[in-house]
Amino acid sequence: MANYTNNLNLEKQNGNEYVSIEAINNNFNTIDKAISDFDAKTAGGTAAALTLTIDTIRSYRPGMKITIIASKNSSSSNITLKINNLATLPVYKPNTTEAPKIIAGKPYTFILSQDQSYFFLDASAEGNAVAEHVLAGDFFSNETDSNIPGIMPNNGSIGTQTLTNEGAEYTIPAGYHNGLGKVKAAITGLIASVIKAGTTVGGILGAFTSDATATASQILSGVTAYVNGSKVTGTIVSKAAATYTPGTTDQTIAAGQYLSGAQTIKGDANLLTSNVLKGKTIFGVPGKASVVDTADANAVAADISSGKTGYVNGNKVTGTLVATKYATGTVLANSTPSNATLQDGTVINAYQAAVSGLSFLPKNIVAFAMYGTEEYGVSYNQHGPAVSSKVFNSYRAPASGPGAAYKLHSTVNPFIVTETGFVLPVLQGGITYTWYAYE
């Protein structure tokens, strides 16, 4: 039994069969027919749904090429091709999913994709030009299409376009120009004398100065300028750099000068509150409360306590005066009287007011207390080293009537004065006395 080829269905006889001239001729006819099928065929169907009948194509093959002659124009976004009874497949431009533009009467070659899912246009040209880039009336081809008509307007020469007013415009039309067109500015009266000096308009440097208002006193000395058509020489003097040291009077930099150098007002790091006299203000810096004038002070070292300092007439003085020691307090007199011998030998009853804890030997002591309407007290005075100069003076002073006063030596026990304390003779016991002691 004979076998057949896949594509053209040609008969292949086996080795044990007789050769059939008829079969060979049929194979030749099939091959001849297949060759004729490669010629471009006019497509059937509609403008967007192309159909083609080719007897020798029994199936789709990756990369197979089909050439058609379009019978209708089509700008559809969805174009398909169906061959015989095989699947209907979309047709795209190369490397896109866009449908190509189809023009009736033009040949188009389509190639089947490798996955056999679509046909794409076989563009025979290269380039990226589009219709807007080609003159109207001319045709071109690119990588996506061929024989494409251009739509670029041909403007030739626009001639000479004259602008006569400031701000006037000429819009250059889109399309091709042959390079002979011109745009010319021709503004009447545009001359140097009507253009502001220093300004260039249309290539003309202006010389107009009528709007200038400067005077000689507003221009530096030795410098000139043109004002309203006249040359003016300035009179402003220049002042070089200068340094000013503050004093007791104002220093003024005169007006109407050009400061060609820095003007320096001296400062002083010592301008501090701590250096300004109390009640005074120097350049906005107020004086410190502790800074005072000591010119009227007259104390000497002997007038100032030892170890203390003070300022006298601007000088610091350290004191040498040893201060008198002093102590005060209260003491409760006992309630049991003791015998006290007066200077004349008389013995009286006196109560003890004992104080201890002193740090000095007192030379003067006074103590007093109220008992009802009567005042009781005692004083001690040492006026010299002799015993006769160291005495107590005890007293009782009623609100009315005569009082009593007694004098006895401080060396009579138990009444005594020492460096650590004292015992005072008082005339009323059991009450609290206020006492003062001085060295």
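The model is predicted: local features need pLDDT of at least 70 and side-chain atom pairs pLDDT 80 or more, while totals for chains, interfaces and linings use all residues. Residues are numbered from 1 along each chain, and side-chain values use heavy atoms, without hydrogens and water.

Sheet. I found an open sheet of 8 strands in the order S3-S6-S9-S10-S8-S7-S5-S4, with mixed pairing. Strands are DSSP runs (E, at least two residues), numbered from the N terminus, and two strands pair if DSSP finds at least two bridges between them. Strands S3 (41-42) and S4 (44-45) each have a single partner strand, so one side of each is left without a neighbour in the sheet. I noted that S8 (residues 89-92) pairs with S10 (residues 119-121) in the parallel sense over 2 bridges. Valine 91 stands opposite phenylalanine 119 in S10.

Cores. A nonpolar core is a set of buried Ala, Val, Leu, Ile, Met, Phe, Trp, Tyr and Cys residues joined through side-chain atoms within 4.5 Å; buried means under 20% relative accessible area (1.4 Å probe, protein chains only). In the largest core, of 31 residues, Phe392, Phe422, Leu424, Tyr433 and Trp435 touch the most other members. Strand S29 (347-356) is among the elements that give two or more residues to this core, and S29 gives the most, with 5 residues. A second, separate core of 23 residues includes Met64, Leu89, Val91 and Leu112.

Surface. I looked up phenylalanine 283, which is exposed (over 50%) at a relative accessible area of 60%. Phenylalanine 283 lies in the loop between strand S23 (281-282) and strand S24 (285-286).

Technical notes. Helices (H or I, at least four residues) and strands (E, at least two) are DSSP runs, numbered from the N terminus.
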